[in-house]
Amino acid sequence: MDWTALFLSLRLAAWTAVILLPVAVFMGRFLAFRQFGGKGLVEAAVMLPLVLPPTVFGFYMLVAFGRNSPIGDLWQSLFGHQLVFTFEGLVVASVIFNLPFAIQPAQRGFEAIAVEVREAAACCGMSPMRSLWKVELPLAWPGLMTAMVLTFAHTLGEFGIVLMVGGSIPGETRTIAIAIYDRVQGFDDRGAAIMSATLVAISLFTIAITYWLSARVGRRLS
Amino acid sequence: MALEVMARAKGPIALDVAFRVEHGELLALVGHSGSGKTTLLRTIAGLWRPEVARVTVDGTSWLDTAARIDLPTHHRRVGIVFQNYALFPHMTAAQNVMAAMDVADRYEALRILDLVNLHGLGSRKPAQLSGGQQQRVAVARALARKPQALLLDEPFSAVDRATREKLYGEIIALRAHLAMPVVLVTHDMNEAQLLADRMVVIEQGRVVGAGTTAQVMADPEALRAMGIREVAAMLPAVIAEHGPDGLTRLDAATGPLFLPGVEGAPGTQVRVRIMAHEVILSRARPEGLSAQNILAGTVTQIVAGKGPAVTVHVRVGDHEILSRITRRAAEQMALRPGETIHAILKSMSVARDHVACAPDVSVLIKRFQAPICDQF
Amino acid sequence: MTASLSFARRAILVMAAALTVAAGAAHARDEAPVVAAASDLQFALTEIAAAFDAETGMKVRLSFGSTGNFARQIREGAPFEMFMAADESFIADLNSDGFTRNAGDLYALGRVVIMAPNGSTLIPDEHLDNLASMLIAGQITRFAIANPNHAPYGMRAREALITKGIWENLQPVIVLGENVSQAAQFALSGNAEGGIIAYSLALAPEIGPRGSYALIPGDWHEPLRQRMALLGAAGPVAEAFYAYLKKPAARAIMERYGFVLPDGA
């Protein structure tokens, strides 16, 4: 059992979820409440990582902030080392790759709020911020929780992107998914089996929470 | 605190309307679905902006397209009761009311809930309240905003008839304490006539009739838009006695009225709506008729419309009753203004929901010793 | 506060707290240098690193993969401090582009073997005769080698198969591993009749007992001149490890894994 790798994965998933929470709230709300020309394009762009092969995505990530890219050079000058092949690089790639998992459920959660309820909030004198805090979030929170849980679970399982952008550096970018891969290649079937079982357990737990949340939404709405 | 509204738009809903509501007045916007009345309400609230519009409250511009002023909804002091109430489902009734307050005050919220007859229900969530109760919470919430204008969007359409009758009475009673202009959107002429001081009849975004309730109810042009059968008059009366045979005697200025099954204790003030097409005219006081209600009065005017009917205005005491008869009948009877005439009304012609009772608010005031009146 | 509102608030607070703790939990930046090593060194280098730790108390982190892949990553700024390639041409290229400290040292000559798992119909022999005849008879369903595009052991396997004259015929059933370790994994998983893998892997205790192998003649392919070099970011621990690899203790381990040494020392 590679504990370092497991904790690395959990940390990566946690950071991704934490960073994406405000993104989910504001983007999800924006897309739920506003109509505008080009909205279809924005939604398609958000959905892109869902259909893009991880290696394609990884390739573009390397192009975008690897060595010899403006972002990569900036990072190098600021921190003395490259952004790729570091934990921070994984977080950046993971955040972008998980946008659809965070924004979609959040958007559905906000869409489920009746328009009239939001109008009533405005008529009660609530500014958009206050309306968000007092009315929208309490009603949309199951969607947000689902978004966070899905993001967390998806990041735990991410492989192709992590490998391309992070390499497999122990303690830095060797997540548990990659560690399992390494174990198999190293003919350590027992190690691979233990780590795989752990990941399955975590994933099942995640799915259970998502279903329980959906049930709560269902009960609340009925 | 007068509310002035002007709106013009080409589409998707064509509009060309202007009206004014005074301090303490209730104006009914009447029209069929799609006539544009809800759009006007939303314009006042800031939820919609027509091409050309102006909304002024007590001299302050809330919306002025020419001057590019458009106050966002949450900056307008407007109280609105939506058709489906739009209560916050995750909050209790009291919390819903507090949500509209500048400074959340639970005691104040409970007092307002008492005012709308929801004593003791403050901790219930909307899902645990009946339609009529939810409607009252919506009204309470709108009032808690201390609005400069109160807007009601077909607030009674979602409740059953019995509840509606009760709610009419409560609104009438509440109005005694409301200082702000009130706009009521409805497609129900009965409701409009019972509750409104002034009316604006809208058809396909245009005004086809405007004025005091009495004026509009007597205007065939205006009423053509609503269905000509709606011509009616309003008579105030007091419940005098409930007869053993199911008839109630009401005392009107013109004499007694006998109507079936009016609810309320003797001494209660009521408003009775008398449909013009149910009123028969007779020169001589008839005898041997089944009709229980025979009122003596004077013809004030005879208004002809485009069709075969005319509307005869009969002054009865301080009030007017309308009677719609054929032009032929009017000519045969040689009716002239100033002549004495008898108006005959069948007791069974007056529908139950054409009588609105106002409950006794003085009891509530005494209970809480609070100057509720002054707050509005 | 209504029940569901406080639940929502509580749930969000708990989740936020858990995430923050998880995220902030000491990301102790491991100071041990990372050594990029070709996959054929999988077992040999792990042993050597353990011995290094036992002797000096210093630790290194090992990352195994295909030589070509590592070369690419190094060019992209991967923070390796030492690179042990399976083919010296990669070191030479990196050196001329300034990524290595110097031209490095030859640390071993590698060999390839043909290996078949226990129970396979394929019988490994050094001249690949059985493979050739089974191929003609259509009895080979899968045969694994490392990817010749970026893994030196894959390139050599291909050269050997070309020398034998069966490379073309083998195309429809070839399975490529990302690196020679993965090729070994494919070859011995039971899903293939066998494959050509590194000699060092066949000698590993974890792999040897799983099948049988035969050494392919060294002149059937270009020599596997395996070279190592310190990279630009190398620190003192990496330097120490580099030096350790040339010492007798490390050498002995390498020999046990079949790495022919360039000189008699």
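Okay, one definition before anything else: when I say two residues are in contact, I mean that their C-beta atoms, placed from the backbone, lie within 7 Å. Also keep in mind that what we're looking at is a predicted model.

Let's start with chain C. An automatic or database domain assignment divides chain C into domain 1, which is 34-109 + 224-256, and domain 2, which is 110-220. If you take the centres over C-alpha atoms, 26 Å separate domain 1 of chain C from domain 2 of chain C.

Stepping back for a second, chain C has 11 helices and 10 strands. It has 265 residues, and 46% of them count as buried. And if you take the contacts in chain C with a separation of 6 or more, 77% of them are between residues 24 or more positions apart.

Now, the sheet. Five strands of chain C make an open sheet, and the order across it is β7-β6-β8-β5-β9, with mixed pairing. Which strands stand at the edges? Those are β7 (174-177) and β9 (211-215) of chain C; each has a single partner strand, so one side of each is left without a neighbour in the sheet. Going from one strand to the next, the twist averages 30°.

Let's walk across some of the pairs. Strand β6 of chain C, residues 143-146, pairs with β7(C) in the parallel sense, over four bridges. In that pair, C:I145 is opposite C:L176 in β7(C). Packing on the sheet we have helix α8 of chain C, residues 180-188, which touches β5 (112-117), β6, β7, β8 (194-198) and β9 of chain C. The direction of α8(C) makes about 150° with that of β8(C).

Let me stay with β8(C). That strand is mostly covered: five of its five residues are buried. With β6(C), it runs parallel, and two bridges join them; there, C:A144 has C:G195 in β8(C) as its bridge partner. With β5(C), the pairing is antiparallel, over four bridges, and C:V112 stands opposite C:A198 in β8(C).

One more piece of chain C: helix α4, residues 88-96. Which of its residues are buried? They are C:E88, C:F90, C:I91 and C:L94. Look down the axis of α4(C) and you'll see why I picked this helix: those buried residues fall within an arc of 155°, so they line one face. As a reminder, an α-helix has 3.6 residues a turn, so residues three or four places apart point the same way. The cover over the buried residues of α4(C) includes α3 (67-75), β4 (105-110) and β10 (224-230) of chain C. Just after α4(C), C:G98 takes a positive phi of about 85°.

Over to chain B. Here we have domain 1 (3-232) and domain 2 (233-357), and their C-alpha centres lie 31 Å apart. The contact takes 17 residues from domain 1 of chain B and 20 residues from domain 2 of chain B. On the domain 1 side of chain B, α5 (161-175), α6 (189-195) and α7 (213-217) each give two or more residues, and α5(B) gives the most, with six. Sitting in α5(B) is B:G169. Buried or exposed? A residue is buried if 20 or more other C-beta atoms lie within 10 Å of its own, and B:G169 has 23 C-beta neighbours inside 10 Å, so it counts as buried.

Last stop, the contact between chain A and chain B. It takes 15 residues from chain A and 16 residues from chain B. On the chain A side, α7 (115-123) and α8 (128-157) each supply at least two residues, and α7(A) gives the most, with six. By class, that chain A side has 10 nonpolar, two polar and three charged residues.

That's my tour.

How values were computed: Residues are numbered from 1 along each chain as its sequence is written. Chains are lettered from A and ligands numbered from 1 in the order in which they are written. This is a predicted model: local features need pLDDT of at least 70, side-chain atom pairs count only at pLDDT 80 or more; totals for chains, interfaces and linings use all residues. A residue is buried if 20 or more other C-beta atoms lie within 10 Å of its own, exposed if 12 or fewer, and partly exposed in between; C-beta atoms are placed from the backbone. The arc is that of the directions from the helix axis to the C-beta atoms. Two strands pair if DSSP finds at least two bridges between them. Axes are lines fitted to C-alpha atoms, for helices over the stretch in contact, and angles run from 0 to 180 degrees between N-to-C directions. Ala, Val, Leu, Ile, Met, Phe, Trp, Tyr, Cys and Pro count as nonpolar, Asp, Glu, Lys and Arg as charged, and the others, Gly among them, as polar.
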